[in-house]
Amino acid sequence: MRVIRLLIALVFLATGAILGALNRQLVSIDLGIGFIPATSLGIALIVALLIGALIGGLAISASVVLPLRRRLARAERDARGGPASSAPTLTGPEV
């Protein structure tokens, strides 16, 4: 598994290097609230892809992972007999 991760990392590193080498034009980026001086188009593309991946990861974490963690914590608390389950529940034929 470690070798596969290393190979995938090397493929992405090589792809980034090729992207930077093929796009050597200088660009200036105006963000409306700020200005990024002339830099290589390849670097701008790689940074934009990285920022997009980070924002996407944060969005997934906020919309999926955090609610599931809350549900898991609630289920573990109920299983240990936390304050919400102080009264015994009667179910089944034992009643």
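Gly81 follows helix 2 and has a positive phi, near 85°; helices here are DSSP runs of H or I with at least four residues, numbered from the N terminus. This is a predicted model, in which local features need pLDDT of at least 70 and side-chain atom pairs count only at pLDDT 80 or more, while totals for chains, interfaces and linings use all residues. Residues are numbered from 1 along each chain as its sequence is written, and side-chain values use heavy atoms, with hydrogens and water left out.

**Helix 2**
- Helix 2 has 40 residues and reaches 56 Å from its first C-alpha to its last, close to the 58 Å expected at 1.5 Å a residue (1.5 Å times one less than the number of residues).

**Helix 1 with helix 2**
- Gly16, Leu19 and Gly20 in helix 1 meet Gly42, Leu45 and Ile46 in helix 2, where contact means heavy atoms within 4.5 Å.

Key
Helices (H or I, at least four residues) and strands (E, at least two) are DSSP runs, numbered from the N terminus.
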